[in-house]
Amino acid sequence: DMVVTNDGMTVLSSIDLQHPVAKLLVQLSRTMDLEHGDGTTSVALLACGLLEGSVPLITAGVPTIRIIRGYMRALQEAISTIQSHAIHITLDTEEGRKIVLQTARTSLGSKMIGRTA
């Protein structure tokens with residue numbers, strides 16, 4: 001069988017992984033998929049980026065708790081930035097319904113690609 005997909009969880013589930021960090025990334029993606037139904041590739045890439053960014057810091061002797069605190073501070077900054085750019089959408093207007101529908105189509109698009117070829 002050949003699987004054709006751009007769904008991160010489908011890809012990660014089909015790989016036999018042995019490394020503990022790789023298994024952790026798969027579990028992280030699986031949790032994202034179960035709780036939100038999407039974002040599995042994004043969460044794995046973000047986690048990899050955070051891990052990759054921490055390697056030079058750990059190598060330089062920075063305590064892991066300082067790295068974690070730095071990431072938590074960055075998270076708060078990211079949340080603040082997102083909130084400052086957020087727009088209110090209501091389903092009471094045609095424009096609001098159009099935005100929600102387009103967002104749903106985009107989110108579901110990767111789930112609707114044929115699973116087998």
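Leucine 17 is partly exposed, because its relative accessible area is 24%; buried means under 20% relative accessible area, exposed over 50%, and partly exposed in between, with a 1.4 Å probe and protein chains only. Leucine 17 sits in the loop between H1 and H2. Leaving aside neighbours within four places in sequence, leucine 17 is in contact with Ala22, Lys23 and Val26, where contact means heavy atoms within 4.5 Å.

This is a predicted model, in which local features need pLDDT of at least 70 and side-chain atom pairs count only at pLDDT 80 or more, while totals for chains, interfaces and linings use all residues. Residues are numbered from 1 along each chain as its sequence is written, and side-chain values use heavy atoms, with hydrogens and water left out.

The pLDDT is the predictor's confidence in each residue, from 0 to 100. For the protein chain the mean pLDDT is 85, and 89% of the residues reach 70 or more.

The secondary structure of the protein chain consists of five helices and zero strands. Helices (H or I, at least four residues) and strands (E, at least two) are DSSP runs, numbered from the N terminus. Along the sequence, the pattern reads α-α-α-α-α. The chain has 117 residues, of which 15% count as buried. Among contacts between residues at least 6 apart in sequence, 43% join residues at least 24 apart.

Next comes the pairing of H2 with H3. Two packed helices are described by the angle between their axes and the distance between the axes. The axes of helix H2 (residues 20-36) and helix H3 (residues 40-59) come within 8 Å and cross at roughly 140°. Axes are lines fitted to C-alpha atoms, for helices over the stretch in contact, and angles run from 0 to 180 degrees between N-to-C directions. H2 and H3 cross in a right-handed sense; a crossing is right-handed if the near helix is turned clockwise from the far one by less than a right angle, and left-handed if anticlockwise.

On the H2 side, Val21, Leu25, Leu28, Ser29, Met32 and Asp33 meet Thr40, Val43, Ala44, Ala47, Cys48 and Leu51 of H3. By class, this contact has nine nonpolar, two polar and one charged residues. Ala, Val, Leu, Ile, Met, Phe, Trp, Tyr, Cys and Pro count as nonpolar, Asp, Glu, Lys and Arg as charged, and the others, Gly among them, as polar.

Serine 29 belongs to helix H2 and counts as buried because its relative accessibility is 0%. Not counting residues up to four places away in sequence, serine 29 touches Met9, Leu12, Thr40, Val43 and Ala44.

Serine 13, in helix H1, is partly exposed because its relative accessibility is 45%. From C-alpha to C-alpha, serine 13 and glutamine 27 are 9.7 Å apart in space and 14 residues apart in sequence.

Tyrosine 71 is part of helix H4. Its relative accessibility is 29%, so tyrosine 71 counts as partly exposed. Apart from neighbours within four places in sequence, tyrosine 71 is in contact with Leu50, Gly53 and Ser54. The C-alpha atoms of tyrosine 71 and leucine 50 are separated by 8.2 Å, with the two residues 21 apart along the chain.
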